[in-house]
Amino acid sequence: MDQRIILFRGMNTGGVRAPVAEQRAMALEMGLGNPRTLLASGNLVVDSDRDPTRLEGEVEAAMEARFGLKVAVMVRTPEDWRRLIAANPLAGEAAGDPSKVLAMVMKAGLKAGALEACRALAEGGERVEAVGDVLYFWFPEGQGRSKMAEKATPRLLGRGTGRNWNTVLKLGEMVGVSPD
């Protein structure tokens, strides 16, 4: 049996709430094995061989039915996660201060011109790089003070969800992926 990393966009922000115990119960009801959560910010790992795209739709429908929430869901395999970690173009920054590196997993790719528009907003050494369906951000002064982070919305980029590098690595550990 393989595993799936399920990422919820915007969980526990702006009134979007679904208790982690209830998320795990929902996963069991969906026939997903061994559901476990990381933090209370929309990270669920399950045992499943289901196609990630199909599972995204199933989880989105279950979230709406169970919690009344319309949330975007991104599902990745352990191999996808291994590639995400290995491809990090900000590995040096992540090694020095992982809380200031963010990996944003995109649901359906990046909008045309979005990377250039986002880079134009960067200040004070901030960076953003795209590798496949992931944007990697460096916020040397922290994300909370960044105009680039403030403007990096679905309207500009497309739908995605970000995790700081500490969380990326913890999710990797949960599915047996470690940085090399």
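Student: Which strands form the open sheet, and in what order?
Tutor: Four strands form an open sheet, and the order is S2-S3-S1-S4, with antiparallel pairing. Keep in mind that this is a predicted model.

Student: OK, and which ones are the edge strands?
Tutor: S2 and strand S4 (73–76), since each of them pairs on one side only.

Student: How much are neighbouring strands turned against each other?
Tutor: On average by 20° in this sheet, ignoring direction.

Student: Staying with S2, how many bridges join S2 to S3?
Tutor: Three bridges, with S2 and strand S3 (residues 43–47) running antiparallel. As for residue pairs, Arg36 stands opposite Val45 in S3.

Student: Is Asn34 buried, exposed or partly exposed?
Tutor: Asn34 has a relative accessible area of 45%, so it counts as partly exposed. The exposed class needs over 50%.

Student: Switching to S5. Is that strand mostly covered or mostly open?
Tutor: Mostly covered: S5 spans residues 101–106, and six of its six residues are buried.

Student: Which residues point which way from S5?
Tutor: Val101, Ala103 and Val105 point one way, while Leu102, Met104 and Met106 point the other way. All of them are buried, whichever way they point.

Student: And which strands does S5 pair with?
Tutor: One partner is strand S7 (residues 134–138), antiparallel over five bridges. Strand S8 (residues 160–164) also pairs with S5, in the antiparallel sense and over five bridges.

Student: Which residues stand opposite Val101 and Leu102?
Tutor: Val101 stands opposite Trp138 in S7, and Leu102 stands opposite Asn164 in S8.

Student: Asn164 again, then. What does it cap?
Tutor: The N-terminal end of H8. A side-chain oxygen of Asn164 lies 2.9 Å from the backbone nitrogen of Asn166.

Student: Which residues of H8 are buried?
Tutor: In helix H8 (residues 165–174) they are Trp165, Thr167, Val168, Leu171 and Gly172. They cover an arc of only 160° around the axis, which puts them on the same side of H8.

Student: Why would residues three or four places apart point the same way?
Tutor: An α-helix has 3.6 residues a turn, so residues with that spacing point the same way.

Student: What follows H8?
Tutor: Gly176 does, and its phi is positive, near 80°.

Student: Change of topic: at what angle do H1 and H2 pack?
Tutor: Helix H1 (residues 20–29) and helix H2 (residues 52–67) pack at about 120°, and their axes are 11 Å apart. That makes H1 oblique to H2.

Student: Left-handed or right-handed crossing?
Tutor: The crossing of H1 and H2 is right-handed.

Student: Last one. Where is Ala86 found?
Tutor: In helix H3 (residues 78–86). With a relative accessibility of 67%, Ala86 counts as exposed.

Student: How far are the C-alpha atoms of Ala86 and Pro179 from each other?
Tutor: They are separated by 7.0 Å, although the two residues are 93 residues apart along the chain.

Technical notes:
Residues numbered from 1 in each chain as written. Predicted model: local features only at pLDDT ≥ 70, side-chain atom pairs only at ≥ 80, totals over all residues. Heavy atoms only, no water. Buried < 20%, exposed > 50% of the residue type's maximum accessible area, 1.4 Å probe, protein only. Helix = DSSP H or I, 4+ residues; strand = E, 2+ residues; numbered from the N terminus. Pairing = 2+ DSSP bridges. Arc of directions from axis to C-beta. Polar contact = N/O pair within 3.5 Å; in protein donor to acceptor, adjacent residues only side chain to side chain. Axes fitted to C-alpha atoms, helices over the stretch in contact; angles between N-to-C directions. Parallel < 35°, antiparallel > 145°, perpendicular 65-115°, else oblique. Left-handed = near helix turned anticlockwise from the far one by under 90°.
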